[in-house]
Amino acid sequence: EGTELAVASVMREVQTPRKPSSPNVLLNLILGSVLGLLLGLAAAALRYTTDSRTHTPGDLEDAGFTVVGTVPDLTDALRRGRQTVDGIQMHPGMVTVTDAFSPEAESFRHLHAALNAGGAAPQVVLVGGPEAAVGKSLVAANLAAAGAQAGRRVLLVDADLRTPAVGALLGLGDSPALGSGGTDLNVVYWSTAVPGLFAVTARETPEAPGQAWAPERVGELLANLRATFDLILIDTPPALRTADAALLAPYADAALLVAEAGESDIDAMSHVAGELAGAGLSRVGAVLNRFVPSRAVGHKKTQGARFSSPKARATQQQADPNQKALTA
């Protein structure tokens with residue numbers, strides 16, 4: 001048609017498009033997936049580089065620790081409640097005594113074997129950790145029981161005067177004490193339900209717990225105990241909270257620092273190890289407690305981890321029909 005300004009003509013009829021020009025669903029999905037993957041990898045790398053928690057034995061080894069052993073999660077055992085052994089009510093976590101054929105009990109026997117492997121075996125060992133609630137007392141008590149079951153004469157000393165746990169773990173209140181130390185030594189000696197295992201607890205909580213580990217008292221006490229026992233395990237309070245572990249370090253041969261998988265800070269472990277080394281104790285090993293390999297990213301699921309699975313446990317119980325009778 002003609003106008004005063006221009007002349008227009010129809011070149012081609014308008015066609016209805018067969019598909020929309022946007023959005024391109026396939027292209028958007030590909031780009032979104034790639035970008036999401038890159039962002040996820042970046043977030044994972046950032047978390048990995050900034051996470052100072054201990055997840056696997058490799059984390060401890062990378063920090064320079066010698067990993068003496070790992071202990072699985074004992075949650076299932078704790079649900080069973082206290083167990084009676086020779087008339088004594090013992091803590092359900094004492095699996096070396098209450099469930100002696102279990103994979104959990106074997107982990108403590110592995111720990112005892114590793115502690116005495118290679119070179120001169122330590123006679124006095126501190127068992128502790130940087131923080132509270134990592135399971136150090138339970139590790140110490142089960143390790144002591146494993147040593148006694150191996151034919152050694154073992155003494156477990158409860159040096160955590162603020163939150164003592166050895167008495168409750170071994171059910172010491174159900175049996176009479178063997179005796180107590182002199183007025184200058186605030187200790188009570190006990191026998192336990194495990195043959196060859198004895199315990200020492202505080203007679204009363206002193207006004208200043210740190211004063212109970214004065215050098216002259218500790219030196220005299222341990223000198224006498226070394227002549228009587230093959231292995232002396234000392235359950236110490238959290239090292240970041242108190243100085244007791246550092247006070248006891250000069251009189252020990254080695255130390256085991258207990259870390260909780262997924263919770264304990266590796267920098268805190270290194271700090272405590274350095275403090276013990278400064279006090280004259282250079283042999284410091286680590287134990288990873290509550291370690292579940294299937295939950296640890298990048299950790300291989302070894303034969304040992306499969307053995308502790310529910311399916312493997314059922315297979316073991318079928319192979320050992322007398323297990324319940326032997327552990328009753």
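Is arginine 109 buried, partly exposed or exposed, and what is its relative accessibility? In this predicted model, arginine 109 has a relative accessibility of 23% and therefore counts as partly exposed, since that class lies between the buried limit of under 20% and the exposed limit of over 50%. The side chain of arginine 109 meets that of glutamate 106 in a salt bridge, with N to O at 3.0 Å. Glutamate 106 is itself partly exposed, because its relative accessible area is 33%.

Lysine 136 forms a salt bridge with aspartate 235, where the closest N and O atoms are 2.9 Å apart. This pair links distant parts of the chain, since lysine 136 lies in helix H6 (residues 136-149) and aspartate 235 in strand S9 (residues 231-235), 99 residues apart. Both lysine 136 and aspartate 235 are buried, and salt bridges with shared partners join Lys136, Asp160 and Asp235 into one network.

The surface also has a nonpolar part. A patch of about 700 Å² is made by Leu26, Ile30, Val34, Leu35, Leu37, Leu38 and Leu41. Of these residues, leucine 41 is found in helix H1, which spans residues 25-50, and leucine 41 counts as exposed because its relative accessibility is 52%.

Notes:
Residues are numbered from 1 along each chain as its sequence is written. This is a predicted model: local features need pLDDT of at least 70, side-chain atom pairs count only at pLDDT 80 or more; totals for chains, interfaces and linings use all residues. Side-chain values use heavy atoms; hydrogens and water are left out. Patches are made of residues with over 30% relative accessible area and no salt bridge: like charges are joined within 9 Å, nonpolar side chains (Val, Leu, Ile, Met, Phe, Trp, Tyr) within 5 Å. Accessible areas come from the Shrake-Rupley method with a 1.4 Å probe; for residues, only the protein chains shown count as cover. A salt bridge is a side-chain nitrogen of Lys or Arg within 4 Å of a carboxyl oxygen of Asp or Glu. Helices (H or I, at least four residues) and strands (E, at least two) are DSSP runs, numbered from the N terminus. Buried means under 20% relative accessible area, exposed over 50%, partly exposed in between (1.4 Å probe, protein chains only).
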